[in-house]
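Subject: Structure for your files

Hello,

Here is the structure I said I would pass on. Please look it over before reading my notes below.

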Amino acid sequence: MVLKNSCWVALALASVIALAQAATIGDVLAFRAGDGPQPTGIAPLTGDIITNDGYPVEEHQVTTADGYILTMFRIPGGPGNPPREGKNVAFIQHGLLCSSADWVILGPGKALAYMLVDAGYDVWLGNARGNTHSRQHIFHDPDARNTDFWDFSWHEIGFFDLPAMIDYALQYTGQTSLQYAGHSQGTTSFFIMTSLRPEYNQRIRSMHALAPVAFMSNLRSPFVRAFAPFVDQIEWLMRMLGVNEFLPSSDMMTLGGQMLCRDEALFQEVCANVLFLIGGYNSPQLNRTMLPAILANTPAGASVNQLVHYAQGYNSGRFRQFDFGLTLNLIRYGSIRPPDYPLDRVTAPVALHYGDNDWLAAVSDVRQLHSSIRNPIGLFRVSDPNWNHLDFTWGIDADTLLYRRVISFMDRYN
C-alpha cells in the first residue's frame, strides 16, 4: 500500500510540475468559452482540427425524441474535391469514451473521414449523448447533482441517437440511404438500431463494423475483466455517491496529456501502456507524438451505465438489453431477465472487420455475431497479427491495412 501511494504521489507531483509549464486552466477555460486565443499547450477539438487541416466543416445539431441535443460535424468536400449536391453520404460513429475527433486525428491522407471525402463522399461525423460535443438536453443539466441526464446506456444511443442523426443527415442532403462505419460502441449501437427499429435497415447501403462489439464472453481486457464481477456493487456505489458520468473530458486531463505524454516526456510510455492495457498491445502502430492530441479528445465522457451495460454483457455472455434487477426488469420487460436483441432482424449488408489482438472484440465473439445476422458481407481480418482495438482509429497503418478496403466496399454498394 505504501508503494502504491508513493507512486501516486510521484505521479501527482510530476503532473503539477508539468502543468505549471503549460497554459493555465483559466486560459483553457477562456478559450473553450470563446473568450480568448487558443493556448499553446492544448490541442484542438474536432471542428478546429478539420479547419486546421484545410477542409471545410459544418456544425449541425439535432434533438433526439427523448430530448438530447447532439452535435454532428459535416465535411462536404476537400481541397481537391469541392462540395456539391448529390454526393453519396457516409456517416461515421465513434466508440465508447470517444468522439468525432477519432476520425480526423490521423490527418489528411490517413484519417478515415478525410479519405472518404477525398474519395468523393459527403461525410458526417456523429457524437453520442454525453460526450464532449453532446452534453446538452432540453431539460436536464449534465453537471447538476442527481440529474437524470446520465440515465442512459448504449441502448438509448442505438434507439434514439443514431436514428436522429441519420434522419437529419439524409434529410439535409436529400438522400434516401447512406454508408455507415462505426467503431466498437458505434457498432453496438448500430445493431440495436437495426434490430429494434428494423426500418432503418433500408437506409443503410452498407455497414462497416470496425472492432464489432455485441457478444463479449471471450474478451481479454484486464480493465473490463477486473470490474465485471463487481458491476452490481460498483453501480450501487456510484448511485449512492451521485456519480453518473464516467471519465468526463476535462481541461486538467487535456493539459496533463499535453505535458506528460508529449515527445521526450518521461511519462510518455506510461500513457502508451495505459492504452495497451485497455485494447491490446501493439507498440509499432501507436504514434507517440499523437498522444497529446488523442488525450485532448479522449476520454470524452460517458454514462456509468454504458460501462455497466458492457460488463453485464461479459457476465451473461448475451447481447441483451440493460439489466435493471429483478423487480425493475419485471416492470420494464415483463420478465425477470432483460430480452436479447433480435439480431435476426438486422438485414442491412454488414462487413465485420476484426483484429487478432483485439482485447475487447475477441475473434470468437465476432464470429458469433457473424452467424447471428442475416445479411453479412463477410468477416475481414486486418493482416497485422497484433492489430488491437484502438488501432482501428489510431493505428499508423490503418489507412493501408483497413480504410482502403472499407472505402472499396462502400463504393461497390453505391
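The notes below go from the whole chain to a few single residues.

Please keep in mind that this is a predicted model. The protein chain has 16 helices and eleven strands. Of its 414 residues, 57% count as buried. The chain exposes about 17200 Å², and carbon and sulfur atoms supply 56% of that area. Among contacts between residues at least 6 apart in sequence, 75% join residues at least 24 apart.

The largest nonpolar core contains 98 residues, and Ile75, Leu125, Phe190 and Phe191 have the most contacts inside it. Helix H5 (residues 154-173) gives this core its largest share, eight residues. Beyond its neighbours within four places in sequence, isoleucine 75 is in contact with several residues, including Ile50, Val104, Val117, Tyr121 and Leu125. In soluble globular proteins, nonpolar side chains tend to be buried together.

There is also a nonpolar patch on the surface: Leu326, Leu330 and Ile336, with about 270 Å² of accessible area together. Leucine 330 lies in helix H13 (residues 326-333). Its relative accessible area is 40%, so leucine 330 counts as partly exposed.

Aspartate 391 is in helix H15 (residues 391-394). Aspartate 391 is buried yet has no salt bridge, and the nearest side chain of opposite charge, arginine 288, is 8.9 Å away. Setting aside residues up to four places away in sequence, aspartate 391 touches Asn282, Gln285, Asn386 and Ala398.

Regards

Conventions:
Residues are numbered from 1 along each chain as its sequence is written. This is a predicted model: local features need pLDDT of at least 70, side-chain atom pairs count only at pLDDT 80 or more; totals for chains, interfaces and linings use all residues. Side-chain values use heavy atoms; hydrogens and water are left out. Helices (H or I, at least four residues) and strands (E, at least two) are DSSP runs, numbered from the N terminus. Buried means under 20% relative accessible area, exposed over 50%, partly exposed in between (1.4 Å probe, protein chains only). Lys and Arg count as positive and Asp and Glu as negative; His and the chain ends are not counted. A salt bridge is a side-chain nitrogen of Lys or Arg within 4 Å of a carboxyl oxygen of Asp or Glu. Contact means heavy atoms within 4.5 Å. A nonpolar core is a set of buried Ala, Val, Leu, Ile, Met, Phe, Trp, Tyr and Cys residues joined through side-chain atoms within 4.5 Å. Patches are made of residues with over 30% relative accessible area and no salt bridge: like charges are joined within 9 Å, nonpolar side chains (Val, Leu, Ile, Met, Phe, Trp, Tyr) within 5 Å. Accessible areas come from the Shrake-Rupley method with a 1.4 Å probe; for residues, only the protein chains shown count as cover.
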